[in-house]
Amino acid sequence: MTDVTDPRHSPLHAVHESLGASFTDFAGWLMPVRYSSDLAEHHAVRTAAGIFDISHMAEIRVTGTDAAAFLDRALAGLISAVPLGRAKYSLILVADGGILDDLIVYHDRQDEYLVVANAGNRAVVVKALQDRSAGFDVKLDDLTDELVLIAVQGPASRAIVEATLSVPEMATLKYYACTSGTFADETILVARTGYTGEDGYELYVSVAHAEPLWRALAAAGAPHGLVPAGLASRDTLRLEAGMPLYGHELGLNTLPVQAGLGRVVNLTKDFVGKSGIEAGPAPDARVLVGLISEGKRAGRAGYPVMQGDAEVGEITSGALSPTLGYPIAMAYVDSGASAPGTQLDIDVRGSRVAASVVSLPFYKREA
Amino acid sequence: MATKEQLQYTSEHEWVLIEGSTATVGITAYAAEKLGDIVYIDLPKVGSTVAEGTVVGEIESTKSVGELFAPINGTVIEANDAAASSPELVNSDPFGEGWLIKVEFTELPSLLSFDEYTALTGA
C-alpha cells in the first residue's frame, strides 16, 4: 500500500538527486523545482534546450473500434477528425460546460489514442472517462505508473532527440504530430509537443528505460547547451507562451470561451458539456487577458486588478518575465475591461502597479 | 567578514551581524535557495524607523515573494543599493555582497545562535 500522505517519487528521482535538484510537492508528487537557477534553466530552453521530467502527468490509453466516437462524446474536441500521427489539445468538460481538465490527445495507432491529463486531475479524468465509456466498445488503461514522460524543449531539441533515438519519420514530423522511435530496443512514442512555447519533443518511455534515456539525452545534449530544467522554469516558460495552467486559468467554474479556448470546442457533435456551452457564460462572466507592466514588481495569483476604485478582475498567474524583462500576468477581468490597450492597475500587496491589457501570448518563437 | 558561526539568526531566515550599535541584516542561504532566483528587492529607506518583527521590505523571485522582517528596533542607516539593483547578489553571496540593510539599534533583541538556526532548518 502506498501512503497517500507521502509524495510519490518519479522513477527518475535518484537521477535528480544526483544532479542536485531542489524538490517541490506538486499534485502529490515530489518533482524537481530547479537544479541550479530557474532563470538559467528558463533561458537555456529559449536559446538552447532543457530536459524536463514530467512523469507526474497522467497517461490514459484508449483502445477499441469505438475509440474515436467515444472521445468525441467524452471530450470537447472533434477527436475523430485527428489523423493518425497527429496530436490535439482538448478539454474534458462537466455537464454545465465547466472545465474538468485540459488534455493532449495523441492518435498514435489505429483505433488507439493516448490521453495525457494533469497529475492533479488523474483520478477525476479516469473516472469521468470510465463513466462516459458505457455503450462504447473501448478499453481504458491508466498507464501513468508504467510510463515516464521526458520533455526535451528548445531550439536544439531536434538535434538532441535525433542523436539519441532512431526516429525514421523525424524529418517530416510536424509540430503537434507524433510518431514512434526506438531506444534500447523499445518502441516509444515521440511527440513534437510541449508546454514551453519552444519547439520540442515529449518522449513516453517505460520505467525500465527511463534513466538510460535521460542519461543518453543529457549526454547528447551537453554540446548543445542542454540543461536539466525544473518546474519553476516550466511555469515561467508556459506563462510567457500564454498557456493556461489548470487550477490557475482553468477550473470547474470556467467555461472554455472565458479562457479563450472557444476554438477547442466543436459544436457539430454531441458531447458532455455541450448544453452548458450552448447556454453560454453569464452576462457578467470575466474573460482571460494578458497584462503587462513596467518595472520589476509582478502581480501574482490572487492579486486584485483595479480600474480606478473598482475591482474588475483577479490575476491567475504572474511573474517577472525572464525573456522579456518586464512583469507579465494572466488575469480574469470584466469584459468591459478586457480590450487590448485598456489601462488597469494591479494591487501589489497594497500598492498600485499600472498594467496594460495585451493579447496573449506574451512571447512567440520565431517561425 | 564574519563566519556563519559568528552571525545570529531569526526564525524568518534572516542573519544579523552585530558590530557595536549597528546590525547588518541579510537573508540566509537557506532562504535564498528556497526563493529561487531573486529578481526584485524592495528595501526600506535610509533614515526610516523599523520595529522588530514588522515587514520592512520585499524579496521577489520568479516564483514567489518573500518578506523582509526587521529583526530589531532601530533606524535604517544604510540600504544595499548594489543588491537592490543586482538582486542576484543575494543568491550568489547571501552572507556577504548580498547583505540588505544596516540598522542602528539601542537594545539587542534575542536572536538565534548558528546552532539553534541550523537545528531549525534541519540542515
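Select chain B and look at its contacts, where two residues are in contact if their C-beta atoms, placed from the backbone, lie within 7 Å. Among contacts in chain B between residues at least 6 apart in sequence, 61% join residues at least 24 apart. This is a predicted model, in which local features need pLDDT of at least 70 and side-chain atom pairs count only at pLDDT 80 or more, while totals for chains, interfaces and linings use all residues. Residues are numbered from 1 along each chain as its sequence is written, and chains are lettered from A and ligands numbered from 1 in the order in which they are written.

**Chain B**

Stay on chain B and colour by secondary structure. Four helices and nine strands are present in chain B; helices (H or I, at least four residues) and strands (E, at least two) are DSSP runs, numbered from the N terminus. Traced from the N terminus, the elements of chain B follow the order β-β-β-α-β-β-β-β-β-α-α-β-α. The radius of gyration of chain B is 13 Å, close to the 14 Å from the globule rule for 123 residues, so chain B is as compact as a globular protein of that length. That radius is taken over C-alpha atoms, and the globule rule is 2.2 Å times the number of residues to the power 0.38. The C-alpha trace of chain B spans about 35 × 35 × 25 Å along its principal axes. Of the 123 residues in chain B, 41% are buried. A residue is buried if 20 or more other C-beta atoms lie within 10 Å of its own, exposed if 12 or fewer, and partly exposed in between, with C-beta atoms placed from the backbone.

**Where the chains touch**

Show both chains and select the residues in contact across them. Chain A gives 14 residues to this contact and chain B gives nine residues. On the side of chain A that touches chain B, the elements giving two or more residues are α2, α7 and β17 (310–320) of chain A. By class, this side of chain A has six nonpolar, three polar and five charged residues. Ala, Val, Leu, Ile, Met, Phe, Trp, Tyr, Cys and Pro count as nonpolar, Asp, Glu, Lys and Arg as charged, and the others, Gly among them, as polar.

**Chain A as a whole**

Chain A holds eight helices and 20 strands. Its radius of gyration is 21 Å, close to the 21 Å that the globule rule gives for 367 residues, so chain A is as compact as a globular protein of that length. Along the principal axes, the C-alpha atoms of chain A fill a box of roughly 65 × 50 × 45 Å. Buried residues account for 49% of the 367 residues in chain A. Of the contacts in chain A with a separation of 6 or more, 67% are between residues 24 or more positions apart.

Two packed helices are described by the angle between their axes and the distance between the axes. Axes are lines fitted to C-alpha atoms, for helices over the stretch in contact, and angles run from 0 to 180 degrees between N-to-C directions.

Select residues 38–47 and 231–240 of chain A. These are helices α2 and α7 of chain A, packed at an angle of about 55 degrees with their axes 8 Å apart. That angle makes α2(A) oblique to α7(A); angles under 35 degrees count as roughly parallel, over 145 as roughly antiparallel, 65 to 115 as roughly perpendicular and the rest as oblique. The contact is made by D38(A), E41(A), H42(A) and V45(A) of α2(A) with A232(A), S233(A), T236(A) and L237(A) of α7(A). These contact residues divide into three nonpolar, three polar and two charged.

Next, select residues 157–164 and 207–221 of chain A. The axes of these helices, α5 and α6 of chain A, come within 9 Å and cross at roughly 125 degrees. That makes α5(A) oblique to α6(A). On α5(A) the contact uses I160(A), A163(A) and T164(A), and on α6(A) it uses A216(A), L217(A), A220(A) and G221(A). The contact of α5(A) with α6(A) has five nonpolar, two polar and no charged residues.

**Two single residues**

Pick D345(A), in strand β19 (residues 343–348) of chain A. D345(A) counts as buried, with 20 C-beta neighbours inside 10 Å. Not counting residues up to four places away in sequence, D345(A) touches M306(A), R352(A), V353(A), A354(A) and A355(A).

Finish at V272(A), in the loop between α7 and α8 (274–279) of chain A. V272(A) has 19 C-beta neighbours inside 10 Å and counts as partly exposed. Residues up to four places away in sequence aside, V272(A) touches R73(A), A74(A), L93(A), A95(A) and R132(A).
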